[in-house]
Amino acid sequence: MSDTVIDATAAAGKPATPRLASRHLPRWSPLAIAAGAIAIAVAIGAGAGLTSHIQWGLIALALFVAGSYAITARVEGRRQAKDRVATSLVWSSFILAVVPLYSLVETTISKGVGVLDGTFLTHSMNNVLTIQPGGGVYHAIIGTLEQVGIATVIAAPLGMLTAIYLVEYGKGRLAKWVTFFVDVMTGIPSIVAGLFILSVWFVALGKAPASGFAGSLALALLMMPVVVRSTEEMLKLVPNELREASLALGVPKWRTTVKVVLPTAVGGITTGIMLAIARIAGESAPIALLVFGSAAINTNPFKDPQSSLPYYIFEQYNNGNQPSYDRAWGAALVLIAFVMILNLVARVISRWKAPKAGR
């Protein structure tokens, strides 16, 4: 009987209607649910007397997740509702992570751009009254570049060689102990590294006075485990087939490591080193212990106290007046720009040195 009905419908030129059809929410439904959640959250926040917009946002977020589940479960079923809730939680976590970052960058730019000019970038604080506008951050930029540069020269080769040993040669107890101590050093606070260099550099060796090189040693201790761990992970991603093919041709293991393994992983290794540099560029505790800071320009990192951007920010904030606050925000903006440039350089090098398909 049903076949006769379908044939008659087809003969009349009308398409047959499928018996099973699942209902779907329209594409604009998430936006509508979000708008409704925001409106309800604003009403609740205003009615309850909540003055913080963060509280309003959290209420809207909870209402959005609950509303998405309820509406989707009613229209599409519980299975699709759970999937939509999981997607909403992922996006919510992303927003919660981005909002503080945006707030930090926006606040730093708005407060620091007022003093950021040519004079600020090319002058020091020598013979400048802290209670008056003027002065600059040039001496701190020089100190940061020299201290971070020396720390990189020390930590990057040692960290890379340690990672090569752990991946390519390390076996037995020694490799396990090295891995253990690398993990421990990764979590060491920066003040502990400063105290260690202070006890060795000043107390045991009797080296005085303070210098930028002493601060670089502490920064190298903080940078080294990051370089080891990132390089080790990049080397592990190199396919073993490449090593086996090189060794099958009679190439020595050290030459296989230099000519095959390292070029394959150089993009990721460079990215890890750049991220390690960005990590130590903002350290102030070791610099306060070992370098002491200076208002004048000191281009010699091996003699006399030397300033840096993190210590300059700390120093200006402690002055307790508005001109010093403005200089501190300007230096913070310069430091953020420095870290951002390092991350961009790491991305460019990573893409440039990435293995090309088809070769």
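User: What distance separates the centres of domain 1 and domain 2, taken over C-alpha atoms?

Analyst: Domain bounds here come from an automatic or database domain assignment. For this protein chain they are 2-111 for domain 1 and 138-353 for domain 2, and 44 Å separate the two centres. The model is predicted, so local features need pLDDT of at least 70 and side-chain atom pairs pLDDT 80 or more, while totals for chains, interfaces and linings use all residues. Residues are numbered from 1 along each chain as its sequence is written, and side-chain values use heavy atoms, without hydrogens and water.

User: How many residues of domain 1 are in contact with domain 2, and what area do the domains bury between them?

Analyst: Contact means heavy atoms within 4.5 Å; 4 residues of domain 1 meet 4 residues of domain 2 in this way. Buried area is the accessible area (1.4 Å probe) that two parts lose on being put together, summed over both. Here that is about 480 Å², with 82% on carbon and sulfur atoms. Thr108, Ile109 and Lys111 supply 81% of the area that domain 1 buries against domain 2.

User: How many salt bridges does the rule find across this interface?

Analyst: A salt bridge is a side-chain nitrogen of Lys or Arg within 4 Å of a carboxyl oxygen of Asp or Glu. Across the interface of domain 1 and domain 2 the rule finds 0.
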